[in-house]
Amino acid sequence: MLGAGGHREEPGVNSTQQSGGPVPTVDVDRSDPAYRTWLKEAVRKVQADANRSADTHLLRFPLPEEWGVDLYLKDESTHPTGSLKHRLARSLFLYGLCNGWIRPESPVIEASSGSTAVSEAYFAQLIGVPFIAVMPRTTSREKCRLIEFRGGRCHFVDDPWAMYIEAAALAERTGGHYIDQFTYAERATDWRGNNNIAESVYSQLRNERFPEPVWIVATAGTGGTSATFGRYVRYMQYDTRICVADPENSCFFDGWRHHDPGATSEFGSRIEGIGRPRMEPSFLPGAIDRMMKVPDAASVAAVRALEQAIGRKAGGSTGTGLWSALKIVAEMAGEGRRGSIVSLICDPGERYLDKYYSDAWLAQQGLDITPYALAISTFLATGRWP
Ligand SMILES: *Cc1c(COP(=O)(O)O)cnc(C)c1O
């Protein structure tokens, strides 16, 4: 059997020196028909799954038409595994399979704050390999339940920094593959098109009054989403600019602002899915035009305002992006600048009923959302940003 690294006795090595003749060509052939048959089947299953899937909706956030600014939300919560990480997990599995990194029967291991692991557990189950998620102990219980539901295993660490080392060590111990979203997210995604999230948004805006958005507002966990948007708008020669909204306990904002790839932050992010303690290799500062540091209480206030506006709950990171997007709406309306803005619904709020939708959790975290909730309701009623 072939192990994770493809180690086995090398057949076909000819080391017998023939007297007088030419030096024999050293020839190592690792081709393995059984593995290739498995690989073809695995790639087909992932592609077939994509082929069965529909695109996600581009929703409108209701704003008075006369403001001249339209706000759209790309609803990534409707993927089969409930978040924008469905796209990433599919890309990472295809990348790992086609690179020869994911092998039959050896486990796939990931360091994740949850959403990626939920989606990867789905693809691991689809192709029939074991899956282990290394996650912070504070990850929502609902996400762990979803990982186990897809046949994955959850392995907890207390220190957010320990996650990477533990995942790599686990892969070493089990002969598995550490899929490493924080390194590979940006390169596993087809940034030039292939119906990536950016291409999808632009095609869905085609019949709108402002089809080329002035701003796209993303948030960053791996940085993959902002990298894909940033690269795509440059490649397509659009004027759209990319804003990344960063939560409190994250180093991305400072690292970006001071051009410091060594920036770190001490605490784990309270907004699941976004905000990292180190400048992740997959986070591409050069593809980002603007960043905002959003207080966690503002993220929660925004996500609760979203439910009032469109009748849907979403996760905290959706609130972080929405807060920034609303601030830009106010700025544009104030300047009399017409145009559109796109942000994202990253995952559903039902995963966080005991967090962002729990007043007890807010009190325990010392978060007071009242001033931010008031700012949003005032803005939506009057058009003035306090
Ligand atoms: C990963 C994630 C993000 C950010 O996306 P990246 O492409 O990793 O930067 C935002 N929200 C949620 C819920 C996520 O899981």
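1. By class, 17 nonpolar, 20 polar and seven charged residues make up the lining of the largest pocket. The model is a predicted one, and the points below should be read with that in mind.

2. The space in this largest pocket comes to about 900 Å³. Its lining numbers 44 residues, and R87, L88, R90, S91 and T189 are the closest to the pocket centre.

3. Which elements each supply at least two residues of the lining of the largest pocket? They are the helices α1 (33-52), α2 (85-98) and α8 (224-235), together with the strand β7 (215-219). The most comes from α2, which gives nine residues to the lining of the largest pocket.

4. Helix α2 also holds K85. The UniProt annotation "modified residue: N6-(pyridoxal phosphate)lysine" covers K85, and the entry it comes from is unreviewed. The annotation may be inferred rather than shown by experiment.

5. Is K85 buried or exposed? The relative accessible area of K85 is 11%. Buried means under 20% relative accessible area, so K85 counts as buried.

6. What does K85 touch beyond its neighbours within four places in sequence? With those neighbours left aside, K85 is in contact with S115, T116, S119, Q181 and G273.

7. The second largest pocket has a volume of about 360 Å³. Of the 22 residues that line the second largest pocket, P136, T138, G268, S269 and R270 lie nearest its centre. By class, the lining of the second largest pocket has eight nonpolar, eight polar and six charged residues.

8. On the packing of nonpolar side chains, the largest nonpolar core consists of 44 residues. Those with the most contacts inside this core are F61, L71, L322, I328, V329 and I341. At least two residues of this core come from each of the strands β2 (69-75), β7, β8 (241-246) and β10 (339-345), and from each of the helices α10 (296-310), α11 (316-335), α12 (359-365) and α13 (370-382).

9. Leaving aside neighbours within four places in sequence, I341 is in contact with V69, D70, L71, Y72, W215, V217, A325, I328, V329 and M332. Another core, of 32 residues, lies apart from the largest one, and its members include W38, L39, V118 and M135.

Note on methods: Residues numbered from 1 in each chain as written. Predicted model: local features only at pLDDT ≥ 70, side-chain atom pairs only at ≥ 80, totals over all residues. Heavy atoms only, no water. 1 Å grid on protein atoms, 1.4 Å probe; cavity = no way out; pocket = protein on both sides within 12 Å on 5 of 7 lines; lining within 4 Å. Points joined across faces, edges and corners; volume = space filled by probe spheres on them. Helix = DSSP H or I, 4+ residues; strand = E, 2+ residues; numbered from the N terminus. Nonpolar A, V, L, I, M, F, W, Y, C, P; charged D, E, K, R; others polar. Buried < 20%, exposed > 50% of the residue type's maximum accessible area, 1.4 Å probe, protein only. Contact = heavy atoms within 4.5 Å. Core = buried A, V, L, I, M, F, W, Y, C linked by side-chain atoms within 4.5 Å.
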